[in-house]
Amino acid sequence: MSVLTSLKLVTGKRPVSTSPIVSRRNKMASKIAEQVALCEAQKSGEQYQPKVTRTYTNKQTGERMTVDAVKRVRQWFFISPEGKINLTLKYGSKVLPLNKKGANAIELATGDELIATLKNLQAAVLNGDLDEAINEVSEMTRNSFKK
């Protein structure tokens, strides 16, 4: 009992949900982290194959089973005809607009520059620098479901 008296006791309440802005930031940051891992694997000559657990129902027995499967990660970058690397940021399947002039890609020279840029973009997303662009794409997606 003497241990409890030496500790600071408070009434804590766990938050029920996070704000939509924070959850969008976290989603975007995790997707950028996947792209960084993909780039680093390609740089070292390996294949990036993250595992994901899938649950399905066996049709013969009706039993629910779980299996580890390879998650498909599409790369957000491509080589332009000029030989430069173009990086687009995607939220879901939509490409994020990066400025008001309609630019949607970042031009880079090397793979090392690509990895460094992705890491900088991840920090920018967590700081809230791309909230406006993410919100714009999210609203467009949400409105496309309305009739």
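Helices (H or I, at least four residues) and strands (E, at least two) are DSSP runs, numbered from the N terminus. The legends below describe a predicted model, in which local features need pLDDT of at least 70, side-chain atom pairs count only at pLDDT 80 or more, and totals for chains, interfaces and linings use all residues. Residues are numbered from 1 along each chain as its sequence is written, and side-chain values use heavy atoms, with hydrogens and water left out.

**View A. The largest pocket, with a volume of about 310 Å³**. A pocket is an open set of points on a 1 Å grid over the protein atoms alone, where a 1.4 Å probe fits, with protein on both sides within 12 Å along at least five of seven lines, and lining residues have an atom within 4 Å of a point. The lining comprises 14 residues, and Lys31, Arg74, Trp76, Lys90 and Gly92 lie nearest the centre. Two or more lining residues come from each of α2 (20-43) and β5 (90-91), and α2 gives the most, with 5 residues.

**View B. The second largest pocket, with a volume of about 160 Å³**. Its lining is formed by Pro97, Leu98, Asn99, Lys100, Asp129, Leu130, Glu132, Ala133 and Glu136.

**View C. Arg24 in helix α2**. Apart from neighbours within four places in sequence, Arg24 is in contact (heavy atoms within 4.5 Å) with Tyr91, Ile134, Asn135, Ser138 and Arg142.

Key: Grid points are joined across faces, edges and corners, and a volume is the space filled by probe spheres set on the points.
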